[in-house]
Amino acid sequence: MRADRVGRRAGGRLVVDGVTLAPRPGETVGLLGPNGSGKSTLLRLLAGVLQPAAGVVTLDGRPLTGVGRRTAARRIATVEQHAHTQTELTVRDVVALGRIPHRRPWAAGSAADGRAVAAALDRTGLTDRADQSWHTLSGGERQRAQIARALAQEPRELLLDEPTNHLDIQHQLDLLELVVSLPVTTVVALHDLNLAAMYCDRVLVLGEGRAVAEGTPGDVLTPALIERVYGVRAEVTDGGHGRPVIRFLRRTDRPSPPLAPA
């Protein structure tokens, strides 16, 4: 999966402008940037949900538009920020939706489908919620159910848009530990820079739709870049193994500007 100089317009402006992203097999790439920087749009371009106005997205060297929707759906799983349904579904039903690309139309679920669903429920800690209505879940549990649906799909590429939203700290860490342990190539949009530094092999920082910096977290997440992109000041220390630790400075912690001469 690769994006080559892709662009996309919305509302008369470029929301993604000439961005290239080429994840290596098996690595976890973090998409970083403030709200409106183009992270979600880039994920949708990679998934084939949106078509680029410029550039091309490829899968195994072939343009994604020529791969076929069913083939792409077997390969690429996506988890959006928000999922809604008016249909009364159990958690197991939601997770089983991930098996649709592997079945013929109208075919009943197979034993392999059942094993994949059970494994996904187990890995996301939802086995005891399997027969519960999806509508009765908390926001964090719904997010975990969507992760389980993506895992049941058994993808080779996984695209995640803010998967830690609505999760408490323990489940944020558990979820990202799970993601990086999977034998898949992952692109994940995150707001939390420390989580990105802990779990991502590389990061791509976006600003106003353009690629600002790309590389390992230790190389990219510098005080200068954080101030340039996010408009805040931070201290960055070495957390070991090339993983930076970021401490954002409160206004009271920041040096006061020099007084103008009287």
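E157 stands opposite T185 in strand β8, and this contact belongs to the five bridges that join strand β7 (residues 157–161) to β8, the two strands running parallel. Strands here are DSSP runs of E with at least two residues, while helices are runs of H or I with at least four residues, numbered from the N terminus; two strands pair if DSSP finds at least two bridges between them. The structure is a predicted model, in which local features need pLDDT of at least 70 and side-chain atom pairs count only at pLDDT 80 or more, whereas totals for chains, interfaces and linings use all residues. Residues are numbered from 1 along each chain as its sequence is written, and side-chain values use heavy atoms, with hydrogens and water left out.

- Strand β8 (residues 185–189) is largely enclosed by the rest of the structure, because five of its five residues are buried, where buried means under 20% relative accessible area with a 1.4 Å probe and protein chains only.
- T185, V187 and A189 point one way from β8, whereas T186 and V188 point the other way, and all of them are buried.
- Strand β3 (residues 28–32) is joined to β8 by four bridges, and these two strands run parallel.
- Within this pairing, T28 has T186 in β8 as its bridge partner, and V29 stands opposite V187 in β8.

**The sheet around β8**

- Strands of a sheet pair through backbone hydrogen bonds, either parallel or antiparallel.
- Six strands form an open sheet with mixed pairing, in the order β6-β7-β8-β3-β9-β10.
- The edge strands, each of which pairs on one side only, are β6 (76–79) and β10 (210–215).
- A right-handed β-α-β unit is made by β7, helix α6 (residues 169–181) and β8; right-handed means that, with the strands pointing away from the viewer, the path from the first strand over the helix to the second runs clockwise.

**The second largest pocket**

- The second largest pocket has a volume of about 210 Å³, a volume being the space filled by probe spheres set on the grid points.
- A pocket is an open set of points on a 1 Å grid where a 1.4 Å probe fits, with protein on both sides within 12 Å along at least five of seven lines, and lining residues have an atom within 4 Å of a point.
- Residues lining this pocket include A116, R123, E154, P155 and V184, and helix α4 gives the most to the lining, with four residues.

Definitions and conventions
Buried < 20%, exposed > 50% of the residue type's maximum accessible area, 1.4 Å probe, protein only.
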